[in-house]
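Trainee: Could we go through this one together before I write up my notes?

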Amino acid sequence: FRFFLFYIRCMHPYISQLKKTFEQYANAEKAAGAKAYMRNQFEYLGLTASIRQSISKTYIKTQMLEYKELEIVVKELWQMPEREYQYFAIDLVAAFKKQWTKDIITLIEYILINKSWWDTVDATSNLTGAYFTLFPGQKNPVTSRWNRSRNIWLQRSSILFQLKYKKDTDTDRLAKYIIFLASSKEFFVQKAIGWALREYSKTDAAWVIHFVKQNELAPLSQREALKRINAR
């Protein structure tokens, strides 16, 4: 109880007000369902996605926060037990994109490797994609390190950061990173490979077909890569 009081007193004002707002819409039944869906790894308030997104959008727009406080607030949000606060943290980092400096990648990487699961890692692909567009000189040193990391979530991110690049996708890099991880037994890595290829097939189906034929991929990766092509 003393720890709880200390925690409340020390909570950043920006978060304490958000907490009050989020808790007004808490739903115990939905929270239990969300927790079960995520294999009981995280607690939830039970906010629906539409309600959470609406609150987050309004809150970020109306509640002032200085960029210099972003890291402190994000890391505090990341320590809160309910998963909705981590989703908000990702939205908050995205909202400051115009103020990003090169070293924001340290905070993005913190998000990727802490309390990691597919939900936050995949949402963070929007941040990584935007970051490497803004700071192209960082692309090779950072993503190559991720690709060769032993952390499966960094590996997954090295494959997914180009997800929305379409015609600007660096196919040489995509191919190189996929080939390096093609023998991985990790479900989330195999799935990322298939997802990245499937998404790029919307831009260049012929390239994806050729790549899949020329390289030995896990059955899951291959199936996911060709899903859209085969559906046609």
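This is a predicted model: local features need pLDDT of at least 70, side-chain atom pairs count only at pLDDT 80 or more; totals for chains, interfaces and linings use all residues.

Trainee: How many aromatic pairs does the structure hold?

Mentor: There are 18 aromatic pairs, where rings of Phe, Tyr and Trp (its six-membered ring) pair if their centres lie within 6.5 Å, and planes under 30 degrees apart count as stacked, over 60 as edge-to-face and the rest as tilted. One of them is the edge-to-face pair of Tyr59 and Phe88, at 5.9 Å centre to centre with 75° between the planes.

Trainee: Which helices do Tyr59 and Phe88 lie in?

Mentor: Tyr59 belongs to helix α4 (residues 49–62) and Phe88 to helix α6 (residues 83–95), so their pair ties together parts that are 29 residues apart in sequence. Helices here are DSSP runs (H or I, at least four residues), numbered from the N terminus.

Trainee: And are Tyr59 and Phe88 buried or exposed?

Mentor: Tyr59 is buried at a relative accessible area of 6%, and Phe88 is buried at 0%; buried means under 20% relative accessible area, exposed over 50%, and partly exposed in between, with a 1.4 Å probe and protein chains only.

Trainee: What about Trp117 and Phe188?

Mentor: Trp117 and Phe188 also form an edge-to-face pair, 5.0 Å centre to centre and with 70° between the planes. Trp117 lies in the loop between α7 (104–113) and α8 (118–134), and Phe188 in helix α12 (residues 187–200), so this pair ties together parts that are 71 residues apart in sequence. Trp117 is buried at 13% relative accessibility, and Phe188 is buried with a relative accessible area of 13%.

Trainee: Switching topic, how do the axes of α6 and α8 cross?

Mentor: The axes of α6 and α8 come within 10 Å and cross at roughly 10°, the axes being lines fitted to C-alpha atoms over the stretch in contact, with angles running from 0 to 180 degrees between N-to-C directions. The two helices α6 and α8 are therefore roughly parallel, on a scale where angles under 35 degrees count as roughly parallel, over 145 as roughly antiparallel, 65 to 115 as roughly perpendicular and the rest as oblique.

Trainee: Which residues of α6 and α8 meet?

Mentor: From α6 they include Arg83, Tyr87 and Ile90, and from α8 they include Asp119, Ala123 and Leu127, where contact means heavy atoms within 4.5 Å.

Trainee: Now Ile15, where does it lie, and what is it in contact with?

Mentor: Ile15 lies in helix α2 (residues 13–24) and counts as buried at 0% relative accessibility. Leaving aside neighbours within four places in sequence, Ile15 is in contact with Val73, Glu76, Leu77 and Met80. Ile15 and Leu77 are 62 residues apart in sequence, yet 7.4 Å apart in space, C-alpha to C-alpha.

Trainee: Last one, what is the phi of Arg39?

Mentor: Arg39 has a positive phi of about 60° although it is not a glycine, whereas most residues other than glycine have a negative phi. Arg39 is found in the loop between α3 (28–37) and α4, and it is exposed at 61% relative accessibility. Lys166 also has a positive phi, near 50°, and is exposed with a relative accessible area of 56%.

Technical notes. Residues are numbered from 1 along each chain as its sequence is written. Side-chain values use heavy atoms; hydrogens and water are left out.
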